[in-house]
Amino acid sequence: MDWRERKARGITRPDPTPEERERFMREALTEAQLAMHDGEVPIGAVVVRDGEVVGRGHNRRETGKNALYHAEVLAIDEACKTLGGWRLWECDLYVTLEPCPMCAGALINARVRHVYYGAKDEKAGSVESVTKLFDLPYNHRPTAEGGILEEECGALLTEFFETLRKK
Ligand SMILES: [Zn+2]
């Protein structure tokens, strides 16, 4: 049963309120700060189910020496371990930057319900910027909403790249 069917039967949790969206985006921002401390591009993500964080992740591409270690992938990985399954259809993901094609694909594969992101990524964003993967007729399509705490999410990235340039 996918989440739309569960929703139709009234057995899924209500959507997060605007206050909850901000609260969980702050959790993702906290993850992004951890990445920044490690000298990584500051991107953070959390997976939430029933108002509870079940997975966290931040970009670890440099420290982990692995192109797959994006915040969303790591948060999904942790959520699957926490929940003991790969179907995250009652879960929402919050990420500070618009997902790239790999992460948008991972969100489709994990059957994530809603995706909330902060800043747009004109270079790799695959929800609305470069392409719109969630609008294509895949077997599962998460809904997406950008612009949650957009300024704060973007400011962290700007700060990071400005510091890099000064070095
Ligand atoms: Zn990614």
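In which sense do S3 and S4 pair, and over how many bridges? S3 and S4 pair in the parallel sense, over five bridges.

## Basis of the model

The structure is a predicted model, in which local features need pLDDT of at least 70 and side-chain atom pairs count only at pLDDT 80 or more, while totals for chains, interfaces and linings use all residues. Residues are numbered from 1 along each chain as its sequence is written.

## Overall architecture

The secondary structure of the chain comes to five helices and five strands. Helices (H or I, at least four residues) and strands (E, at least two) are DSSP runs, numbered from the N terminus. From that terminus on, the elements run α-α-β-β-α-β-α-β-β-α. The radius of gyration of the chain is 15 Å, close to the 15 Å that the globule rule gives for 167 residues, so the chain is as compact as a globular protein of that length. Here the radius of gyration is taken over C-alpha atoms, and the globule rule is 2.2 Å times the number of residues to the power 0.38.

Along the principal axes, the C-alpha atoms of the chain fill a box of roughly 55 × 30 × 30 Å. Of the 167 residues, 40% count as buried; a residue is buried if 20 or more other C-beta atoms lie within 10 Å of its own, exposed if 12 or fewer, and partly exposed in between, with C-beta atoms placed from the backbone. Among contacts between residues at least 6 apart in sequence, 56% join residues at least 24 apart, where two residues are in contact if their C-beta atoms, placed from the backbone, lie within 7 Å.

## The sheet

Five strands form an open sheet in the order S2-S1-S3-S4-S5, and the pairing is mixed; two strands pair if DSSP finds at least two bridges between them. The edge strands are S2 and S5 (143–145), each of which pairs on one side only. From one strand to the next, the twist averages 20 degrees. Axes are lines fitted to C-alpha atoms, for helices over the stretch in contact, and angles run from 0 to 180 degrees between N-to-C directions.

S1 is joined to S2 (residues 52–58) by six bridges, and these strands run antiparallel. S1 and S3 also run antiparallel, joined by five bridges. Valine 46 has a bridge partner on each of these strands: arginine 56 in S2 and tyrosine 94 in S3. Valine 48 has valine 53 as its bridge partner in S2. S1 and S2 form a hairpin with two residues between them, and aspartate 50 in the turn has a positive phi of about 50 degrees.

Five of the six residues of S1 are buried, so S1 is largely enclosed by the rest of the structure. Likewise, five of the six residues of S4 are buried, so S4 is largely enclosed by the rest of the structure.

## The nonpolar core

The largest nonpolar core has 42 residues, and those with the most contacts inside it are Val47, Ala75, Leu93, Tyr94 and Val95. Elements giving two or more residues to this core include helix H2 (18–37), strand S1 (44–49), helix H3 (71–83) and strand S3 (91–97). A nonpolar core is a set of buried Ala, Val, Leu, Ile, Met, Phe, Trp, Tyr and Cys residues joined through C-beta atoms within 7 Å.

Leaving aside its neighbours within four places in sequence, valine 47 is in contact with Val54, Gly55, Ala75, Ile76, Ala79, Leu88, Cys91 and Leu93. H3 lies across S1, S2 and S3, running at about 140 degrees to S2.

The buried residues of H4 are Cys103, Ala104, Ala106 and Leu107. Seen down the axis of H4, these residues fall within an arc of 160 degrees, so they line one face of the helix; the arc is that of the directions from the helix axis to the C-beta atoms. The buried residues of H4 pack against H3, S3 and S4. Arginine 111, which follows H4, has a positive phi, near 60 degrees.

Leucine 157 has its place in helix H5. With 19 C-beta neighbours inside 10 Å, leucine 157 counts as partly exposed. Beyond its neighbours within four places in sequence, leucine 157 is in contact with Pro42, Leu97 and Ala119. The C-alpha atoms of leucine 157 and alanine 32 are separated by 9.2 Å, although these residues are 125 residues apart along the chain.
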